Amino acid sequence: MTTLFEKIINGDLPCEKVFENDRIIAFKDIFPKAPVHILIVTKKVIPNLQSMKEEDLPLIGEIVKVAQQLAQEFGLEEEGYRLLTNNGNHAGQVIHHLHFHLLGGGPLGRMVG
Ligand code: 5GP
């Protein structure tokens, strides 16, 4: 089944894109949980962190680099930000296509509410 993020990657659904290369796309979350809430998404369809294979692991480094770059662009460097991925049901993962949330722009509260 095509994930919602595949539709965004393919251009079948609109998004507010803030970064793209051959392997990664990043766009603003449609229901932001912080003043800055960006989703960093792998173009390769990988359901979640747990299902990543050895050959996928370089993507993690690239996601971190993109997060650092976006943190700079969106003015999050000084006060800080959170980068997280939800893996599976107990974490509340809704879209089963690997993505990291970059959150910042104000106090984020405790990590687990
Ligand atoms: P998850 O809970 O799977 O970690 O996060 C999925 C995220 O995708 C949620 O924060 C949700 O607000 C966001 N989202 C759901 N549908 C859309 C959409 O159509 N466009 C964008 N930009 N974000 C979406």
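Ala, Val, Leu, Ile, Met, Phe, Trp, Tyr, Cys and Pro are called nonpolar here, Asp, Glu, Lys and Arg charged, and the others, Gly among them, polar. The model is predicted, so local features need pLDDT of at least 70 and side-chain atom pairs count only at pLDDT 80 or more, while totals for chains, interfaces and linings use all residues. Residues are numbered from 1 along each chain as its sequence is written, and side-chain values use heavy atoms, with hydrogens and water left out.

**View 1. The shell around the ligand.** The ligand is surrounded by 18 residues (each with a heavy atom within 4 Å of it). Asp29, Asn86, Val94, His99 and His101 are the closest. Sorted by class, the shell holds nine nonpolar, six polar and three charged residues.

View 2. An oxygen atom of the ligand lies 2.5 Å from a side-chain N or O atom of Asp29. For His99 the corresponding distance is 2.8 Å, and for Lys33 it is 3.4 Å. The ligand taken alone exposes 520 Å², of which the protein buries 85% (Shrake-Rupley method, 1.4 Å probe).

**View 3. Elements around the ligand.** Helices (H or I, at least four residues) and strands (E, at least two) are DSSP runs, numbered from the N terminus. Helix H1 (4–9), strand E2 (24–28), strand E3 (36–42) and strand E5 (99–104) each give two or more residues to the shell. H1 gives the most, with three residues.

**View 4. An aromatic pair.** Rings of Phe, Tyr and Trp (its six-membered ring) pair if their centres lie within 6.5 Å; planes under 30 degrees apart are stacked, over 60 edge-to-face, and the rest tilted. The count is one pair. The ring centres of Phe5 and Phe27 are 5.5 Å apart and their planes are at 75°, so the pair is edge-to-face. Because Phe5 lies in helix H1 and Phe27 in strand E2, the pair ties together parts 22 residues apart in sequence.

Methods:
Polar contact = N/O pair within 3.5 Å; in protein donor to acceptor, adjacent residues only side chain to side chain.
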